[in-house]
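Colleague: Before we discuss the assignments, please show me the model. I shall then ask what stands behind each term.

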Amino acid sequence: MSSSSRIHPSLNSAFRLTRSLSALETWGFGLSGLLLWLGTAPGMHLEMGPQAIWVWVPTAIVGVMLNLQVRHLGTQWPDVSGGTPNYTTRLLKHYPGLARYAAIGYWLGWVSVPAMNAIILTDLIKTNLEPLGLACPETALKIVFTAIPFIVAFSGTRALGVLHLFFVLPAIGFLLAFCVQGCGWLVLAPTTPGLLPPAWSAFDGQDWVKWVFVAIYAVYGCETASSFVADSRRPASTLQCLALAAGLLPIVYVGGSWVLMRLTPATGVGDSAFLNLIAAAQPFWGSQAQVLVTFLIASGCLLSSATAVSNAPRVLYQLALDGYLAPIFGVVSRRGVLGPSLAFTGLLSVACLVWGDVTRVVMVTGTGYLSSMIGIHLGMWLRRGHAEALWPRWSLVFCVVETLVLVVGGLAWSGIDLLIGLLLPISILLMDQGLRRTTMPGLRAEWWIQRYQRRTNRPVSDLMLTQICVLILLICSALAIGWGVRALLDGIALDSNANLFVVLLLAIAFVGVAIACWTSLPQVAEVMESHEAAEHFFNIAQDAIVVVDEAGVVQRLNPAAIALFQVQSGEIVGHPFSQYLAGLTEHPQFWANRSEQKLVQTTQTKLLDVSVSDRANAQLREYVVILRDITERQQAETALRQSEAQSRQQNQALEQTLRELQRTQAQLIQTEKLSSLGQLVAGVAHEINNPVSFIHGNLRHADEYTQNLLDLIQLYQKHYPHPVPEIEAEIEAIDLEFLTADLPKLLNSMQVGTERIQKIVLALRHFSRMDEADMKAIDIHAGLESTLMILQNRLKPRFDQSVIQIEQDYGDLPLVECYAGQLNQVFMNILTNAIDALEESDKQRSPASHAQNPSTIRIRTRMTEHQQVQISIADNGPGIPGHLQSRLFDPFFTTKAIGKGTGLGLSISYGIITEKHGGSLQCISTPGAGTEFVIEIPLSQTERLARRAI
């Protein structure tokens, strides 16, 4: 599967990394890998002595070959970001699990760099503050040094690239000077101890494997320029940096290590990289050794941190694009900020800082990094015979040796740390699976895409290079002048504590650029971008735009204006604009802001909409005239106005027809519904009533006959107390005593049951009123009671809901003339809706809430002062939102879920009350406080109909 086919759909419409970096800026990121030698070489030589050189020689050779191999891969995949690990995923495309593991291992190798460098820089500052008697705020400095590169990176890669390039060139220059000048001094100086050591110590294979484990972490890190090929303006030049780094790698790692081996004393400097490098550099750098070494270590830490925060997020970005990680890591802003990937990298860096044990963190993250190197060499062996693999057989050898180093060297350092390092990429991949499933907004790609789309920023132009360089020069100059003035006033030498000055100089430069990236630089960039955007819109605008001076002479016009006037640009520029539009005067200050003008041409006359605006200029006053051809629009508007009247009449007729159709449809449905319900209820009541009446009428006789039989048995027991054994056995078998006591109770319960059934049948008959088709005076309370009896089953408590309480406040009402069956149907619809609302609300409430505020339906009746009967049915449910209340009585409108409501109940009820009974039906509801339906109908329908007839 190709990488493009695996891209998450949400990333197709998102921003992508643009080719915004210059070749020099990518070279800066690539060469900073050489500075990693500063952190590993002194410690190794302290432990191994002269034997350390046999670690650096083979690893440097493999590093050179790796750089050239990665350069070749970059030519095969020039649009792939992230470099080496993302080339590995393509080499291992048939083994996706292994490919992801190797890529994440590489990423972990760079994640720890900012935190480790922060610790090293803090220790360096602490070392320089102690002689001054000053306390070092270690925690604050570690946090600041860890955060600085991330702060700059969040403002855009371009700013970080320029800042990085400004310091990497002198840093690499001094590093090469250390290596070359040191080797030259060993060969040529009169007091040299000699280029070769007088004796070699015995070779220790276990120590060799142990330190190769660490050396790989530094030597192989010189291929980072490949990570920026996809956003380089000159990818081929960026790849040339890998060849340059391959050439410099032996000079630094072998030559520099040779200088350490011959010039670092065996004792007296401890394990401090700072002191070891000073001791080695002092013979040929003299008194400047401290300052230059301080600059090397400080710049090495800051620059490698900057490389890490630029390189590591690109690895996650490309993995997301290729479908190996969650889509959130593939989101990038218009300025090229990989926000989610950068944030995740920062989170892991902070975790490394919190851990604080540099040796263990390097061991754990180095395990993942070494695993990734095994992966790329294995991939090149598996792709042997293909164009992308240069030395597949050597790659197999390197893969075997690196596997041996991983196992033996890792166990030599710490078996626990080796195990953690091997499991850490798996835990990251498990976290990725969680990210794919989460629904939290901030952890979804869509949230970041929307956030970046709200910004109007675009890639900053090359003027950013000048701005940042000037800013760095101003910051460094201000600090240097301030330092020098303080030294003169205090009467001390300028070179006193110069190493502390160097550290502060680098740190303040980084902090200053970080602050500027979030304050002034974006504003300057916005001004430039706004100018470019205005020029772009001027040229692509579909409307004609003409710029005239204060005398009305044309200065500029866009391509749309040239097409409108059907002339060449040179034919109109420099001429008065009024000669083309006769309705304009010669002086633009008198032109109306908005007008319609005629443009008379040889073939036709056009009507133009003319908008005039003015803007102040430093030398003169210019006017911008926007012209829009509205000839066709005017014709269309005339035709439209003619047809609007006809359409309006047709629409009114259609609306009236639709309302009539909806009303007729609702009435038909109501009639059919009531008819079917009445027939069903009447049939059921009739069928139940006859047998129940028969049973109920015979129960009295059955009770009498049974009592007679029981009396007869008691007489037998009185006169024949000692029956034969067969009768005694039967009496005992049937439990005559219990039967005699329970049989009357049984008959009594049957009597109660039949009476209950008769009441239900009566309620059904009251509800349906099938025997009362005409208007008749009835008891409203009886209709309400019959409806409640039918709904009794829904009011009782069930396993999934609490009981619904009924509160009845009946007033003293006379008999009311109405259509009884239809009015009962209204009661049924409103009560059913109230029960449904309370049931849905109860599902969201806790038992304590039920106990404190039980679900309740309140029914109240009374006579109004206008001789109207008012029936109020209210509940304490969730209420109805205000924007829905106006639509409650519309046909087919329902707030219930699909399948639970038809949208006809309240519409039919409204028709029954208003049209059939001449009353009113109102809904009073407050969200969260319940709903009340108020019914008002006249007491006498006969009088109402008589008044209507008159």
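Modeller: The lining of the largest pocket comprises 27 nonpolar, 13 polar and 3 charged residues, where Ala, Val, Leu, Ile, Met, Phe, Trp, Tyr, Cys and Pro count as nonpolar, Asp, Glu, Lys and Arg as charged, and the others, Gly among them, as polar. The model is predicted, so local features need pLDDT of at least 70 and side-chain atom pairs pLDDT 80 or more, while totals for chains, interfaces and linings use all residues. Residues are numbered from 1 along each chain as its sequence is written, and side-chain values use heavy atoms, without hydrogens or water.

Colleague: What makes a space a pocket rather than a cavity?

Modeller: On a 1 Å grid over the protein atoms alone, a cavity is a set of points where a 1.4 Å probe fits but cannot get out, whereas a pocket is an open set with protein on both sides within 12 Å along at least five of seven lines. The largest pocket holds about 1300 Å³, a volume being the space filled by probe spheres set on points joined across faces, edges and corners.

Colleague: Which residues are closest to the centre of the largest pocket, and which helix gives the most to its lining?

Modeller: Lining residues have an atom within 4 Å of a point. Of the 43 that qualify, Gly39, Thr40, Ile120, Val358 and Val362 are closest to the centre. Elements giving two or more residues include helix 3 (37–48), helix 7 (113–129) and helix 15 (358–382), with helices being DSSP runs of H or I, at least four residues, numbered from the N terminus. Helix 7 gives the most, 8 residues.

Colleague: Why are helix 8 and helix 13 called oblique to each other?

Modeller: Helix 8 (residues 138–155) and helix 13 (residues 289–321) pack at about 50 degrees, their axes 9 Å apart. Axes are lines fitted to C-alpha atoms over the stretch in contact, and angles run from 0 to 180 degrees between N-to-C directions. Under 35 degrees is roughly parallel, over 145 roughly antiparallel, 65 to 115 roughly perpendicular and the rest oblique; the pair is therefore oblique. The contact (heavy atoms within 4.5 Å) includes Phe145 and Ala153 of helix 8 and Leu302 and Val309 of helix 13.

Colleague: What is the classification of helix 11 against helix 12?

Modeller: Helix 11 (residues 235–263) and helix 12 pack at about 85 degrees, with axes 9 Å apart. That makes helix 11 roughly perpendicular to helix 12. Val259, Leu260 and Leu263 of helix 11 take part in the contact, which has 8 nonpolar, 1 polar and no charged residues.

Colleague: Is the crossing of helix 12 and helix 13 left-handed or right-handed?

Modeller: The crossing is right-handed: the near helix is turned clockwise from the far one by less than a right angle, anticlockwise being left-handed. The axes come within 8 Å and cross at roughly 135 degrees, and the two helices are therefore oblique. Their contact has 11 nonpolar, 3 polar and no charged residues.

Colleague: What is the phi of Gln867, and where does Gln867 lie?

Modeller: Phi of Gln867 is near 60 degrees, a positive value in a residue other than glycine. Gln867 lies in the loop between strand 9 (856–863) and strand 10 (868–875).
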